[in-house]
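Dear colleague,

Please find below the structure that I am handing over to you, with its sequence. My notes on what was found follow it.

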Amino acid sequence: MQKLSFLPDLYLVGGAVRDILLGLTPEDLDFATPAPPEEVMRLARAHGLEAIPTGIEHGTVTVLIDRHPYEVTTFRRDVETFGRKARVQWGQSIEEDLARRDFTIGAIALNAQGRVIDPYGGQQDIEAGVLRAVGDPAQRFREDYLRVIRAGRFVARYGFEIEPKTLEAARSAAPEVLSHVAIERVTAEFDKAFQNGTPSRFVRYLYDLEILQRLIPEFEDTHLLLQNPRWHPEGDVLTHVLQVLDRAPPRYRWHALLHDIGKKDTARWKPEGWYSFHGHERVGADLIPRIARDLRLPNDLREELVVTTALHMVPVFTRPTPAAIRKFQAQAGPHLPALRALYEADGGERRSSESWKFFEPQPVPVRPVLLGRHLIERGHKPGKDFSRMLQAAYDWQLETGETDIEKLYQAALKGLSKEARPPGFVQ
């Protein structure tokens, strides 16, 4: 703030002030000033700082200090709102600017002298652990429907409870959220919620508001799917998923959320009073590509989710023979660390000690030893038989642990039928 002191009536605003009051280190520092964005840029450059018009139509300029970006936004007031966007005019006071914020815990400002501007009682709500909308909560959510989802993220991040009128307004606005908010923004809220706090509270909030089921229909009624109490004393599928979500490392929380996504489609009632879910991992893996496309998840994450969903039950039901371990690790490939993290979060304390052998380093490589160049050196030409030979050698390697090139080559030859052998082989 000292380095930006050339800006008139400068305030630190929003989440940074909230985090400071909570005793946390702010992730970003955002500032507000009555100066128009063009004036902010002129003054910054006059003081030797680089200024970038990153959102100048919204009044935002990014100023670089020691190569670190800081956003400076002109005081604003809403003229008209459209459910996600707003038409704004430059404001004249910090109080006017704070009036357009979503929740009281973020409608707080701090000046360079340490004076706190808190017109809506945000400090009291922070102390009480309450999330409350600024002013009329229904109006706040109509102005920007993403705020409905952000409310759940704040609850999960800070452990707050939503004030009753704010919660009721969020519940009323929930059916409109996905028709007004781009799916990329929704997914970004998941990513943020998965980084810290208690992510299960975020997901449970979205489930209770029926937003989660609209995003991912396979979650519908999962709170009613009772599981075998021997393996799942926690009860229903939704409760299980929420517990796995909290136990999983942040990097693997999408994996935790979706690992049992096939259970609803495979549920079969048992006379013992619970459902079985035979083959849910295969069904779930088949669902992942569509879900990932719907949520605009990155391709590399989608590919990993398919693998972890498909394989997460193998160590539970498969005897850890050397051949089984090699095949499992070959199928897992580079996603083995993700599988291990998911397996542990999914119920590691209830797993047999033997099952952990599936994740141990192997003395025999699980990547193919016999390669295409070895076949070419022996006179084979690439073609349909070429891949069959390589696959036969690889299958033999995984089954037996064989690593000798010549013996694997013999296995490759056996993989060819007598009819297919002559066209691909030069004697």
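Contact here means heavy atoms within 4.5 Å. The model is a predicted one: local features need pLDDT of at least 70 and side-chain atom pairs count only at pLDDT 80 or more, while totals for chains, interfaces and linings use all residues. Residues are numbered from 1 along each chain as its sequence is written, and side-chain values use heavy atoms, with hydrogens and water left out.

I begin with histidine 232. Setting aside neighbours within four places in sequence, histidine 232 is in contact with Gln227, His240, Lys263 and Arg350. Its place is the loop between α10 (211-215) and α11 (237-247); helices are DSSP runs of H or I with at least four residues, numbered from the N terminus. Histidine 232 has a relative accessible area of 15% and is therefore buried (under 20% relative accessible area, with a 1.4 Å probe and protein chains only). Its side chain is joined to that of glutamate 234 by a polar contact of 2.8 Å. Such a contact is a pair of N or O atoms within 3.5 Å; within protein, one must be able to donate a hydrogen and the other to accept it, and residues adjacent in sequence count only if both atoms are side-chain atoms.

Aspartate 346 belongs to helix α18 (residues 336-347) and is buried, at a relative accessible area of 4%. Leaving out neighbours within four places in sequence, its contacts include Val244, Arg247 and His312.

Turning to the aromatic rings, the structure holds 17 aromatic pairs. Rings of Phe, Tyr and Trp (its six-membered ring) pair if their centres lie within 6.5 Å, and planes over 60 degrees apart count as edge-to-face. Phenylalanine 194 is buried, at 1% relative accessibility. The rings of phenylalanine 194 and tryptophan 254 have centres 5.2 Å apart and planes at 80°, so this pair is edge-to-face. Because phenylalanine 194 lies in the loop between α8 (183-193) and α9 (199-208) and tryptophan 254 in helix α12 (residues 253-258), the pair ties together parts 60 residues apart in sequence.

Yours sincerely

Definitions and conventions:
Helices (H or I, at least four residues) and strands (E, at least two) are DSSP runs, numbered from the N terminus. Buried means under 20% relative accessible area, exposed over 50%, partly exposed in between (1.4 Å probe, protein chains only). Rings of Phe, Tyr and Trp (its six-membered ring) pair if their centres lie within 6.5 Å; planes under 30 degrees apart count as stacked, over 60 as edge-to-face and the rest as tilted.
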